[in-house]
Amino acid sequence: MAECGPEQIVLAESGGYAYGVVGADMHVFEHGGPVYLLHEHRVTSIDGRVEGSLPRPSRMLDARSRVVAFTGREEELTELFAWRDADGPRVSALWLYGPGGQGKTRLAAEFADRSLADGWKVVTVSHGSGAVPPEHGSQDLRLHGAPGLILLVDYADRWPLSHLNWFLNNSLLREPVPTRLLLVARSNTMWSSVRHNLERAFQAETSALGLRALEGHRSRRLRMFVAARDSFAREYGLAEPSVVEPPHDLDRPEYGLVLALHMAALVAVDAHVHGARLPEDTVGLSSYLLDRERDHWTRLYENGISGLDFTTPPGTMHRVVFTAALTGALPTRAGTAVLRRIELSDTHRTLADHRVCYPSLNARTVLEPPYPDRFAEDLLAIALPGHALTDQPAALWAEDTLDLVTGVADDEPPPPHTARTMTFLVAAAARDRWPHVAEHVEDLLREDPGLAIAGGGDCLAGLAEIDVSLEVLEAVETRLPDHRRIDLDVGIAELGKRLARERLSRTDDSGKRASEHRLLGQRLARAGRHEEALVVMERSVDLYWALVARAPGGHAPDLAGCLTLLGREHVELGHWDEGLRCSEEAVRLYRELPEEERQAHAFDLARALGQVADLVVVDRRWAEALTAWEEAVRLLRGLPDQQLSTTSAELARTLAGQAGVHEALGRWVDATTALDEAAVIYADLAEREPGVHEPELAIVLNSRASVLVRLRRAREGLPLFEEAARMTRSLEETNPGAFSADLAAVLSNMSTVLHNTGECARAAEVAAETVDRYRTLAAARPAQYQSALADSLAHHARCLAHGRRWWEAVQVKREARQRFWDAGMEGGISPAKMMSEKAAEQVRKADALRLQRPTWSFDDHWVNLLNQEEVWRDRYDRAHRIEEMEPSYCSNVIGFVMSQADGVVETLMMTNSDEPTDWHQTDTPEKWLARRPLLWALARRARQG
């Protein structure tokens with residue numbers, strides 16, 4: 001029978017669309033749609049014409065149309081190939097960024113095409129929100145012998161960070177081949193957070209490549225213009241492209257964009273063919289192309305009067321296209337609702353006519369926007385009042401349409417398209433593009449500051465760069481969360497820098513300046529920009545020290561709080577001693593406060609004490625740590641009930657820390673008591689905010705279960721391990737790398753308990769997953785995880801042996817032994833395990849001496865004995881020379897050993913010796929034992945009887 005490949009069943013309702021992948025994972029939203037889509041990359045031919053492009057020439061500017069052959073970015077392309085082929089870690093990521101129109105998508109597509117031709121597997125990744133599913137029902141993403149894998153992510157900076165993290169957890173990134181992740185974006189503001197996750201998850205090599213403007217390279221610009229002009233001329237059927245001359249002012253900064261050169265070439269060719277006047281500047285290029293769009297709408301409408309099935313007037317079509325640029329493609333029902341919201345009648349007819357002008361890339365969507373994105377942004381800006389184009393009057397309906405598209409009732413959430421709407425408006429409002437759009441953004445935010453939050457992190461970061469008043473930015477600030485929000489933190493940090501810059505420029509008050517630096521430091525820290533946060537927080541501490549020196553009682557609590565935060569940043573950057581110094585100084589300052597003020601800051605003191613305890617534990621200073629934790633618990637329990645309810649997370653964290661010290665000191669009952677209370681608190685918090693508190697709950701459940709095992713209550717601990725594993729697995733999918741090691745540790749504990757309670761099949765299954773996860777971790781960080789991998793392999797071997805899967809068990813044990821040696825461990829045993837085994841050996845010998853019993857162990861008795869040809873050592877550790885034993889006794893010994901065959905081999909699996917060696921695939925324990933020197937010698941003596 002032919003070998004079958006992986007089977008995938010994808011079901012869709014009647015008339016629905018089934019999307020699936022083979023050889024990769026697929027993550028879906030709660031409503032069932034994919035978080036992201038994976039496409040097999042295919043080379044797009046540039047020989048054929050773009051159907052229907054001549055009436056609407058802007059279509060030819062879309063990089064996906066591939067009308068213009070690649071040219072002009074050869075140096076950057078060479079850099080990409082050097083990055084692809086470089087030696088180094090298996091996973092390498094590059095953030096390719098530059099302003100819209102700089103040629104990123106074309107460069108990435110050319111790199112993908114050539115890599116595909118070189119045999120690499122190339123997969124393009126698009127965000128699920130508004131993305132177009134692949135043409136076929138499923139995508140075969142298996143490598144099929146490819147030498148490497150390239151994953152191409154466009155618009156990476158517009159993905160919510162949590163969704164990007166879900167993608168980073170895809171099994172595609174764990175294929176055992178060189179894997180290159182190319183992320184294309186307009187800016188690099190989000191890169192630091194993505195890079196941190198990649199380095200943590202894969203120990204990936206990371207770098208960034210910014211596309212520079214084509215400044216000072218007239219010959220390069222001319223070459224790009226000529227290539228684009230010749231390509232467009234071919235579309236128009238123009239036999240002699242050279243009759244179309246390049247602009248005389250190619251040196252102007254505006255032509256530093258690849259898209260600007262392409263627009264200039266397209267407009268020049270179109271104007272030549274139609275005998276039209278050329279625009280005088282790059283702003284006029286967008287105006288010209290918009291006029292050609294209008295001409296197309298008008299001709300269709302006029303033909304409708306003559307019988308064509310098209311009835312929408314050009315003015316109405318302009319409004320619909322404006323709306324589509326704001327919303328992007330939408331499902332039919334949602335698109336219909338949007339047109340009703342902007343008060344258009346006969347929505348179905350209007351949508352059908354719009355689809356004639358702008359064909360949907362997906363049969364299930366409507367309101368396909370104009371492309372490329374920069375042209376859509378220009379279209380929005382030209383329609384909105386405030387620009388200086390005399391030949392393009394603003395549309396009277398534009399502001400009302402904008403209000404209707406973004407407006408919602410007070411009790412309704414913003415519609416899903418709000419993120420695109422705000423992002424496109426903010427991008428268009430850049431100071432070097434259409435600054436008048438910033439006035440419209442300001443009006444929207446003055447009415448509803450929450451729109452900026454709905455716009456997402458990219459929108460918040462963009463707001464920091466446009467001309468919006470401080471008053472409006474501060475109104476947006478009031479809507480920002482006061483805790484971590486992974487999808488917003490990067491944008492909040494950028495907006496925070498703008499707010500801090502403006503507010504600091506307006507005050508000389510040292511207290512306000514110190515407070516502003518502290519707030520900015522916290523925002524930078526949440527965004528993972530710890531180096532910047534450290535610098536800003538140090539400035540805040542310096543300012544507070546100066547204030548305390550002038551008035552000792554005034555700002556001491558502020559200084560102590562800032563020192564706590566500064567200590568945390570030092571810890572994040574690995575500066576343990578500095579972190580401890582700052583934390584201890586914070587504790588001292590809190591203690592020196594007057595009694596009434598000290599009580600008011602009891603929570604802050606407790607948090608600083610917890611930070612001190614965390615740091616002294618690193619040096620195993622258990623007594624100091626326990627003292628600090630116990631004081632922190634007393635302080636938190638002493639808070640008023642109302643205040644404690646808002647700080648219960650800190651009490652739970654403190655109890656968990658206290659339990660950790662109790663565990664280290666062997667105080668299992670005390671540890672259980674503390675963990676029980678922490679688990680109850682975290683469970684309540686996680687029910688209200690699962691994304692915030694589930695990580696802590698999972699850790700506490702794992703610790704609690706481990707303590708129960710120590711108390712010989714393993715069966716009670718098993719459900720806790722299972723729940724901790726479920727939670728941690730869910731967390732890892734959202735934020736890969738952050739929880740990989742935690743999940744591996746939970747699974748390892750769970751497998752051990754399953755094995756010890758007799759659930760061997762499940763134990764082996766969980767052990768196999770544990771090995772896979774530690775294998776990934778060890779590949780990235782061998783020094784940190786090699787011993788854990790070896791331990792997990794040894795445990796997996798024991799589970800397999802217990803299930804009589806002998807051949808697999810032997811192979812796994814052999815790898816475990818090799819991993820121990822690779823890690824450079826004495827005798828093939830990890831230091832921690834060696835200490836444990838030596839302690840156990842001392843206890844065993846002491847018991848043997850007290851009970852007057854022999855000191856043999858399984859390891860001593862069987863590993864040594866099976867290779868012995870002269871001596872049999874009985875259960876009382878008495879030695880018998882085989883040649884002197886009675887043949888009948890030898891037969892009895894053989895029978896006894898064979899009756900214990902399974903147990904003997906399983907026991908050998910539990911040791912760190914080389915046994916069992918020379919195991920054949922068809923062997924059973926009995927067959928293997930029969931070949932041992934001891935059994936040969938016993939059988940030979942038995943035959944002499």
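I shall begin with the overall figures, then turn to one helix, a surface patch and several salt bridges.

A word on the basis first: this is a predicted model, in which local features need pLDDT of at least 70 and side-chain atom pairs count only at pLDDT 80 or more, while totals for chains, interfaces and linings use all residues. Residues are numbered from 1 along each chain as its sequence is written, and side-chain values use heavy atoms, with hydrogens and water left out.

The protein has 945 residues, and 52% of them are buried; here buried means under 20% relative accessible area, exposed means over 50%, and partly exposed lies in between, with a 1.4 Å probe and protein chains only. It contains 40 helices and twelve strands, taken as DSSP runs numbered from the N terminus (helices H or I, at least four residues; strands E, at least two). The accessible surface comes to about 43200 Å², and carbon and sulfur atoms account for 51% of that area. Accessible areas come from the Shrake-Rupley method with a 1.4 Å probe; for residues, only the protein chains shown count as cover. Of the contacts between residues at least 6 apart in sequence, 69% join residues at least 24 apart, a contact being heavy atoms within 4.5 Å.

Let me turn to helix α11. Why is helix α11, residues 373-383, described as largely enclosed by the rest of the structure? Because eleven of its eleven residues are buried. Among them are the charged residues Asp373, Arg374, Glu377 and Asp378. The buried residues of α11 pack against α6 (258-274), α7 (282-305), α8 (314-327), α12, α13 (418-428) and α14.

Asp373, Glu377 and Asp378 also belong to a network of salt bridges, together with Arg158, Arg186, Arg433 and Asp458. A salt bridge is a side-chain nitrogen of Lys or Arg within 4 Å of a carboxyl oxygen of Asp or Glu.

α12 (398-406) and α14 (437-447) each supply at least two residues of a negative patch. Its members are Glu343, Glu399, Asp400, Asp403, Glu439, Asp443 and Glu447. Patch residues have over 30% relative accessible area and no salt bridge, with like charges joined within 9 Å; the place of a charge is CG for Asp or CD for Glu. Asp403, in helix α12, is partly exposed at 44% relative accessibility.

In the first, Arg621 meets Asp619 at 3.8 Å, N to O. Arg621 is partly exposed at 28%, and Asp619 is also partly exposed, at 49%.

In the second, the closest N and O atoms of Arg653 and Glu650 are 3.5 Å apart. These two residues are three apart in helix α27 (residues 648-664), so about one helical turn separates them. Arg653 is partly exposed at 28%, whereas Glu650 is buried at 10%.

Glu723 is partly exposed at 29%, and Arg726 is partly exposed at 44%.

Definitions and conventions
Patch = residues over 30% accessible without salt bridge, like charges linked within 9 Å, V, L, I, M, F, W, Y side chains within 5 Å.
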